[in-house]
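Student: I have a model open and want to learn to read it feature by feature. Can you take me through it?

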Amino acid sequence: MIAMSARVTPTTGSDSVRLLERSLRSHYESLPIAAHQYLVRFSDGPVLVTDEVGSLRLDVVVADERSARHFEDSLRSELAIRTLDDSLAVSWSRDAHAPLPLR
C-alpha cells in the first residue's frame with residue numbers, strides 16, 4: 001500500500017482553490033470528517049480532502065505504483081476539467097502513514 005498526497009495551490013489568487021473545492025464536493029459524493037476536512041469518493045476510491053490555508057491537500061492510499069500513476073493522471077484530468085486555465089499547481093509527496101480516516 002502506498003500513502004500519497006497532492007497539495008494543490010493557486011498560481012494566481014486563491015479563488016481557483018475555493019472553486020475546485022466546491023466543484024469536487026458538488027460533483028462527487030462527499031462525507032464531512034472534521035472542520036475543513038471531508039472524504040470524496042473518486043472513481044479510484046476515497047480521497048481525504050483537507051482545506052488548508054491557501055491550498056487543498058488530497059490524501060489517498062493506493063495498492064501499487066500502477067495505481068499511484070493512475071490516481072495522478074486522474075487528478076490531473078479532474079483539475080483540467082474543473083479549472084478554466086493553469087491557475088493551479090500540484091506537488092506530490094509520499095507519506096509513511098495514511099491519515100486516520102483512510103486507514
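Tutor: Start with contact: heavy atoms within 4.5 Å. Leaving aside neighbours within four places in sequence, Pro10 is in contact with Ser16, Val17, Gly54, Ser87 and Leu88.

Student: What should I know about the model before I go on?

Tutor: It is a predicted model, where local features need pLDDT of at least 70 and side-chain atom pairs count only at pLDDT 80 or more, while totals for chains, interfaces and linings use all residues. Residues are numbered from 1 along each chain as its sequence is written, and side-chain values use heavy atoms, with hydrogens and water left out.

Student: Which strands pair with strand 1?

Tutor: Two strands pair if DSSP finds at least two bridges between them. Strand 1 (residues 2-10) pairs with strand 5 (residues 55-62) in the antiparallel sense, over seven bridges. Ala6 stands opposite Leu58 there. Strand 1 also runs antiparallel to strand 6 (residues 88-95), joined by eight bridges. In that pairing, Met4 has Arg94 as its bridge partner.

Student: And side chains on a strand?

Tutor: In a regular strand the side chains alternate between the two faces of the sheet.

Student: Now helices. What span should helix 2 have?

Tutor: The expected span is 1.5 Å times one less than the number of residues. Helix 2 (residues 65-82) has 18 residues and should span 26 Å; its end C-alpha atoms are 26 Å apart, which agrees. Helix 1 has 13 residues and reaches 18 Å from its first C-alpha to its last, close to the 18 Å expected.

Student: How do I find the faces of a helix?

Tutor: An α-helix has 3.6 residues a turn, so residues three or four places apart point the same way. The arc used here is that of the directions from the helix axis to the C-beta atoms. In helix 1, the buried residues are Ser16, Val17, Leu20, Glu21, Ser23 and Leu24. They fall within an arc of 165 degrees, so they line one face of helix 1. On the other side, Asp15, Leu19, Arg22 and Ser26 are exposed.

Student: Which residues of helix 2 are buried?

Tutor: Ala68, Phe71, Glu72, Ser74, Leu75, Glu78, Leu79 and Arg82. They cover an arc of only 165 degrees around the axis, which puts them on the same side of helix 2. Arg66, Ala80 and Ile81 are exposed on the other side. The cover over the buried residues includes strand 1, helix 1 and strand 3.

Student: Which residues touch the most others in the largest nonpolar core?

Tutor: A nonpolar core is a set of buried Ala, Val, Leu, Ile, Met, Phe, Trp, Tyr and Cys residues joined through side-chain atoms within 4.5 Å. The largest one has 22 residues, and Phe42, Leu58 and Phe71 touch the most other members. Strand 1, helix 1, strand 3, strand 4, strand 5 and helix 2 each supply at least two residues of this core. Apart from it lies another core, of five residues, among them Ala3, Leu39, Ala98 and Leu102.

Student: How many aromatic pairs are there?

Tutor: Rings of Phe, Tyr and Trp (its six-membered ring) pair if their centres lie within 6.5 Å; planes under 30 degrees apart count as stacked, over 60 as edge-to-face, the rest as tilted. The count is three. Tyr28 and Phe42 have ring centres 4.9 Å apart and planes at 35 degrees, so the pair is tilted. Phe42 is buried, at 6% relative accessible area. Tyr28 counts as buried too, at 17%. Tyr28, Phe42, Phe71 and Trp92 form one aromatic cluster.

How values were computed
Helix = DSSP H or I, 4+ residues; strand = E, 2+ residues; numbered from the N terminus. Buried < 20%, exposed > 50% of the residue type's maximum accessible area, 1.4 Å probe, protein only.
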